There are 2 protein chains.
Amino acid sequence: MQNLNRQVLLRNRPRGEPRPADFELVETPVPAPGQGEVLCRTIYLSLDPYMRGRMEEGRSYTGGMNPALGTVMVGGTVSEVVASSNPAFPEGALVLGANGWQAYARSSGAGLRTLDPRVAPISTALGVLGMPGLTAYVGLLDLGRPRPGETVVVSAAAGAVGSVVGQLARLKGCRAVGVAGSEAKCAYVVEELGFDACVNYKTEPLEPALRKACPAGIDVYFDNVGGDVLAAALRLVNLRARIPLCGLISQYNATEPPAGPNLRPVLVNRVLIQGFIVADHLDRLGDFLRECTPWVREGRLRYREDVVAGLERAPEAFIGLLHGRNFGKLLVQVGEDPTRAATSTA
Amino acid sequence: MQNLNRQVLLRNRPRGEPRPADFELVETPVPAPGQGEVLCRTIYLSLDPYMRGRMEEGRSYTGGMNPALGTVMVGGTVSEVVASSNPAFPEGALVLGANGWQAYARSSGAGLRTLDPRVAPISTALGVLGMPGLTAYVGLLDLGRPRPGETVVVSAAAGAVGSVVGQLARLKGCRAVGVAGSEAKCAYVVEELGFDACVNYKTEPLEPALRKACPAGIDVYFDNVGGDVLAAALRLVNLRARIPLCGLISQYNATEPPAGPNLRPVLVNRVLIQGFIVADHLDRLGDFLRECTPWVREGRLRYREDVVAGLERAPEAFIGLLHGRNFGKLLVQVGEDPTRAATSTA
C-alpha cells in the first residue's frame with residue numbers, strides 16, 4: 001500500500017466551460033479506517049456528464065448539496081477493499097461505491113455493493129451494467145414504452161447510455177436510429193452495436209438525414225443532448241410519441257439559458273416529454289441486472305470503454321467528455337485491476 | 001323560416017394573421033332535408049382558437065382533412081331543429097352539433113346531441129359544459145393530477161378553458177393562480193371565480209409576479225398559450241410538476257416556428273409535459289357532465305359568455321379571439337334563442 005492518497009479537489013466553480021484550473025490534485029495521507037469501516041483502493045473512477053451539475057453552487061438535482069469548494073469531486077468507483085473491520089466487506093472484496101476522484105477512501109460500508117468478477121468485468125458496474133445502463137433501461141422501457149416495430153432515436157448514441165438505449169430498442173423489436181458526432185462513432189453504432197442507422201450531426205444536415213433514417217417517423221426519442229437534435233427530432237415525431245429527457249449536454253456549459261425547441265409538435269401530436277433521473281428509479285435495479293446481465297455475457301448487449309490511465313488525467317478527460325471527445329464509457333484507471341487478466345473485456 | 005341561408009366560407013388560407021378578407025359571407029338557398037334528415041337553425045356558433053389551425057392547408061391534428069377553400073368554416077353549434085324526418089330529433093328539439101359558420105344546416109342526425117334547457121342554459125353546451133369544459137376537466141384532472149394543497153397555474157385564465165381549470169383546481173383543494181391579459185380579467189378571475197391570485201402578463205414583469213403568486217412553486221401548469229408564460233412557469237416548477245399542454249395561442253399566427261422554452265427545469269425537476277387534445281378523451285364526457293353539471297347549477301362552477309350578435313361579425317370576433325379581445329366564452333348569436341327568457345344566464 002502506498003503511504004499517500006491522491007485526491008482531485010473542486011477548486012473553483014466554473015462559469016461556462018470547466019478548465020483544468022478548476023480542479024486541484026493534492027496528496028494527503030491515506031485515511032485509517034475506524035471500527036466497522038473499510039479502506040477502499042480505487043481501481044476505476046467513472047466520469048459522467050452529470051458531474052458538471054455537481055460543480056455548481058447549491059443543491060444538486062438529486063436533492064443533496066453539491067460539494068463545497070476544496071472537497072473531493074464526487075463520482076462512482078470500483079474499488080478493492082484493502083483493509084477492513086467490516087465483515088460484510090472483507091479484505092480483497094471488489095466493491096462498487098461512490099468514493100469520488102481519489103485513490104483511497106474510507107467507508108462505513110453504506111452504499112457499497114460487492115462485485116463478482118466471474119459475472120462480468122468489474123468495470124461494467126460503472127457502465128453497461130451500472131448507472132448508465134440502468135438509466136437507459138428505465139428511460140427507454142418504463143418511460144419510452146417502445147412497442148415492436150416502432151422507431152426509437154437516441155442521441156449521444158455511442159455513449160454509455162445511448163449505446164444501451166439503441167441495443168435495448170433492437171432487442172425489443174424496434175428500429176434503432178442513433179445520432180453521434182463522428183464517422184467512427186456512427187460506424188461503431190451501426191456495425192458493432194447493430195443499430196439500423198446513425199446520423200452524424202456534425203457533417204450531415206440534421207433534419208433531412210434524420211428524416212431519411214426514420215421513414216416512418218419517430219415514436220420514441222431518448223434525448224441526451226437537447227439543442228438542435230431535440231428540435232429536429234420534434235419535427236419528426238409521430239402521434240403520441242414519447243420523449244424521455246435524460247440529459248441536455250449541449251447546454252451544460254451555457255452561461256445563459258438557451259431557448260428550447262418549438263413545442264407545437266408536442267401539442268399537435270400529443271407527445272409526452274418526461275424529464276427523469278435514474279436515482280428516482282433504483283427500484284428497477286434488480287430487474288435491470290436480471291434482464292441485462294445475461295445479454296452482456298452472451299454478447300447481445302455490447303459496450304465499449306474509453307479508459308484513461310491515471311487520476312491526474314481525470315480533469316482533462318472530464319472536460320473532453322462534455323465535448324464528446326470520449327468514445328464509449330469514460331473511465332479513469334486509478335489503480336491496478338487485479339481481475340483484468342482473468343476476465344474478458346469488450 | 002327565412003328563404004335564404006347565410007354562410008361564412010373560407011376564402012383564403014391566411015399566412016400569419018387572419019384578415020377579414022380571408023372569409024366571405026354568402027347567401028345560398030336553405031337546404032331541404034332529405035329522408036331521415038333534419039334541418040337545423042343555428043342559434044349559437046362557438047368560436048374557438050383551434051379554428052386557426054383548421055384554416056391551414058392539409059390535415060388537421062384531429063386527423064381529418066381541413067376544409068377546402070370555398071367551403072363553410074367549421075365550428076360547434078347549438079341549433080333548433082326546424083324540420084325533421086328523423087324521429088330521434090323532432091321539430092323543436094334543441095341540439096348540439098358541429099354545423100359550422102352558417103344559419104341553417106342539413107344533418108343526418110349523426111353527431112347531434114339533444115339539449116335539455118331545464119338542466120342548464122343551452123349555450124353552456126358550447127362552453128363550461130361543452131368542449132372547453134371537458135378540455136379543462138381532462139387536462140387538469142387526468143393529466144395534471146392535482147393533489148390537495150398543490151399550486152395550479154393556468155394561462156388564458158379568463159377564457160373558456162382557463163376559467164374552468166382554475167375553479168376545478170379550487171374545488172379539488174388546490175391553490176389556483178391565473179395569468180390573464182387585463183386588469184378586468186384578473187379581477188373577474190379572482191373576485192368572481194375565486195382564484196387565489198391572477199397575474200396580468202401585460203403590465204407586470206411575469207416571472208417575479210408569478211413567483212410572488214406561487215410562494216410554494218408550481219405543481220401543475222395548464223398551458224393554453226406557450227411563449228413567455230410557459231417559459232416563466234418552467235422556471236418556477238416544483239419537483240415532478242405536470243404540464244398539460246393544451247394550446248399555444250401565442251404562436252398560432254406565427255409565420256416561422258418560434259423557439260420554445262429552455263427545458264433544463266424539465267430535466268432537473270423530472271417534469272412531465274403532455275400535449276393533448278380533447279378529442280382523444282371523449283370517453284370522459286359522461287363523468288365530466290355528471291360531476292360538473294351540478295356545480296354549474298349550484299353556482300360553484302361559474303362562467304361568462306361574450307356573445308357577439310350576427311353571423312356577419314364572426315370573422316372579426318374570431319380574429320379578436322386570437323388576440324384575447326374576448327372576455328369569457330366567445331359565442332356568435334346567429335339566430336333567436338327560444339329558451340333565453342326561460343333560463344337564467346351567468
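In this predicted model, strand β13 (residues 272-275) of chain A pairs with β13(B) in the antiparallel sense, over three bridges. Within that pairing, Ile273(A) has Ile273(B) in β13(B) as its bridge partner.

- Strands of a sheet pair through backbone hydrogen bonds, in either the parallel or the antiparallel sense.

**The contact between the chains**

- The contact takes 26 residues from chain A and 26 residues from chain B.
- On the side of chain B that touches chain A, the elements that give two or more residues are α7 (264-268) and β13 (272-275) of chain B.
- Sorted by class, that side of chain B has 16 nonpolar, seven polar and three charged residues.
- Chain B can be laid on chain A with an RMSD of 0.0 Å by a turn of 180° and a shift of 0.0 Å along the axis, and the two copies are thus related as by a two-fold rotation axis.
- The same surface serves both copies, in that 100% of the contact residues of chain B recur in chain A.

**Overall form of chain A**

- The secondary structure of chain A comes to nine helices and 15 strands.
- A compact globule of 346 residues would have a radius of gyration near 20 Å, and the 20 Å of chain A agrees with this.
- Taken along the principal axes, the C-alpha atoms of chain A fill a box of roughly 60 × 45 × 35 Å.
- Of the 346 residues of chain A, 53% count as buried.
- Among contacts in chain A between residues at least 6 apart in sequence, 66% join residues at least 24 apart.

**Strand β15 of chain A and its partners**

- Four of the five residues of strand β15 (residues 329-333) of chain A are buried, so this strand is largely enclosed by the rest of the structure.
- Strand β3 (residues 38-46) of chain A pairs with β15(A) in the antiparallel sense over three bridges, with Tyr44(A) standing opposite Gln333(A) in β15(A).
- Strand β14 (residues 305-309) of chain A, by contrast, pairs with β15(A) in the parallel sense over five bridges, with Val308(A) standing opposite Val332(A) in β15(A).

**Helix α6 of chain B**

- Helix α6 (residues 227-234) of chain B is mostly covered, since six of its eight residues are buried, namely Gly227(B), Val229(B), Leu230(B), Ala232(B), Ala233(B) and Leu234(B).
- These buried residues of α6(B) pack against β8 (151-155), β9, α5, β11, β12 (237-245) and α7 of chain B.

**Two residues of chain B**

- Val220(B) has its place in strand β11 (residues 218-222) of chain B, and with 27 C-beta neighbours inside 10 Å Val220(B) counts as buried.
- When its neighbours within four places in sequence are left aside, Val220(B) is in contact with Gly144(B), Pro146(B), Glu150(B), Val152(B), Ala241(B) and Arg242(B).
- Val220(B) and Pro338(B) lie 118 residues apart in sequence and 41 Å apart in space, C-alpha to C-alpha.
- Ala88(B) is found in the loop between β4 (77-84) and β5 (94-97) of chain B, and with 13 C-beta neighbours inside 10 Å Ala88(B) counts as partly exposed.
- Ala88(B) and Lys172(B) lie 84 residues apart in sequence and 38 Å apart in space, C-alpha to C-alpha.

Terms used: Residues numbered from 1 in each chain as written. Chains lettered and ligands numbered in written order. Predicted model: local features only at pLDDT ≥ 70, side-chain atom pairs only at ≥ 80, totals over all residues. Rg over C-alpha atoms; globule rule 2.2 N^0.38 Å. Buried ≥ 20, exposed ≤ 12 C-beta atoms within 10 Å, placed from the backbone. Contact = placed C-beta atoms within 7 Å. Nonpolar A, V, L, I, M, F, W, Y, C, P; charged D, E, K, R; others polar. Pairing = 2+ DSSP bridges. Least-squares fit on C-alpha atoms with pLDDT ≥ 70 in both.
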